[in-house]
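Q: Can we go through this model together? I'd like to start with a pair of charged residues and then move to the domains.

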Amino acid sequence: MNDRSVREDWLATPGAALAGEVRVPGDKSVSHRAVMLGALAEGSTHVRGFLEGEDTRATARVFEQLGVRIDTPSPSERVVHGAGLHGLRGAGRALDCGNAGTGMRLLAGVLAGQGFDSVLIGDASLSSRPMRRVIDPLIAMGADIQAAPGGLPPLRIGGGRTLHGIDYALPVASAQVKSALLLAGLYARGETVVREPHPTRDYTERMLAAFGWPVDFAPGIARLHGGHCLRATEIEVPADFSSAAFFLVAACIVPDSELLLEAVGMNPRRTGLLHALRAMGADIGEENLREHGGEPVADLRVRYAPLHGIDLPAALVPDMIDELPALFVAAACARGRTVIRGAAELRVKESDRIAGMATGLRALGVAIEETPDGAIIDGGRIGGRIGGGEVDSRGDHRIAMSFAVAAQVASGAVRVRDVANVATSFPGFVSTATAAGLAVAAADTNA
Ligand code: S3P
């Protein structure tokens, strides 16, 4: 679901073996946070590898509206001239987060600590996503936040409140909620402690430390005190594992493929898909392991290998929450049954991804049963091939790219409807994919 007036479709057809080297765009989570912390820091933060996606650009635009100067010396580069922790000023109009749940939830934490009022809005998809999970603990910290009925955006955030730290156990594992509370904690009196039912990505914690803010963290817990200051730094954004995921799966399922994915972010809270694919028989090697700005990075060499189904351990789900649509495709092409459970969060992402993937795969002849928190997929029925046909991405970038991958091993062409939203996370997907050997192109939407 999105508000775009221009509709875009793709026509994806069975492609050639994938070959060569691919560098996918910068990490979305890291790019959002680099702009946010850079904006709140003293001094100028240089960000290289910034994701030129709609989501992260929306976040940069919001901070510009809040009075922060952000220069773009070249594409994928930003210099954020920090306003300091107390230097933002009210925008006097609504702040548009576009499609970005990360943008809105983290901003709620930042804005709860300001001296001015703010309103956060988003597109149709974001306007239907749950915000109670972030509003309730922020209110417990002393924030003034009102949402539309059902706890939905827009969020009206009253300024001038005194925040105090809380010790909060998250009911649902969510890096966005954890990060919102830590960012509000910068402005709070005393200590803010966030405990998670499963560890989630820790970019906020790592980046706060890189900006010189004392923060204590280990998998499943993070704590900090208010009252320090952020000092500008340099940030090199690794390539986004979630964008690399589509190529990992494509090279696993298209016979004779061998592909090198360069400088992929390997934060252990993101790489669950690697473990899942390897358990299914994938041949993926990690080369040239190194660090970029405190984040582990590697080149991933992936070769075609026949996959088999698995019972996905629920504990792995938070480490691959954004990669599950791609895993659905791998499972559809694997021999035997794959069972996915413990993934109810997929129903409240940019779209209901369980329903979107199940409906689309079924339309391509795959035997898939939807469950409340996952799916049961019987793959590899026709020698690993799935059928051609038409699928609706529901305006969800990750569903669109997953079906472009599925089409590479289909017995006929696949029309993927409503793909414009891919620009939120992966600008240039079609040209990157085509260069790697995938057959996917823009299609006449009236056909
Ligand atoms: C993100 C956290 C995840 C993920 C999202 C980005 C982040 O959401 O799905 O794409 O940058 O913190 P949750 O933390 O809500 O699971």
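Q: Arg353 and Asp322: buried or exposed?

A: Both Arg353 and Asp322 are buried, where buried means under 20% relative accessible area, exposed over 50% and partly exposed in between, with a 1.4 Å probe and protein chains only. Note that this is a predicted model, in which local features need pLDDT of at least 70, side-chain atom pairs count only at pLDDT 80 or more, and totals for chains, interfaces and linings use all residues. Residues are numbered from 1 along each chain as its sequence is written, and side-chain values use heavy atoms, with hydrogens and water left out.

Q: How far apart are the closest N and O atoms of Arg353 and Asp322?

A: They are 4.0 Å apart, in a salt bridge (a side-chain nitrogen of Lys or Arg within 4 Å of a carboxyl oxygen of Asp or Glu). Arg353 is in helix H10 and Asp322 in the loop between S17 and H9, 31 residues apart; helices (H or I, at least four residues) and strands (E, at least two) are DSSP runs numbered from the N terminus.

Q: Switching to domains. Where are the bounds?

A: Domain 1 covers 9-26 + 238-443, and domain 2 covers 28-221. The bounds come from an automatic or database domain assignment. Taken over C-alpha atoms, the two centres are 29 Å apart.

Q: What area is buried between domain 1 and domain 2?

A: About 2000 Å², with carbon and sulfur atoms giving 47% of it. Buried area is the accessible area (1.4 Å probe) that two parts lose on being put together, summed over both. Arg269, Glu350 and Thr424 supply 26% of what domain 1 buries against domain 2, more than any other three residues.

Q: And how many salt bridges between domain 1 and domain 2?

A: Four. The structure as a whole holds 36.

Q: What does Thr200 touch?

A: Leaving out residues up to four places away in sequence, Thr200 touches Ala173, Ser174, Ala175, Lys178 and Arg269, contact being heavy atoms within 4.5 Å. Thr200 is found in the loop between strand S11 (191-195) and helix H6 (203-210).

Q: Is Thr200 buried or exposed?

A: Buried, with a relative accessible area of 7%.
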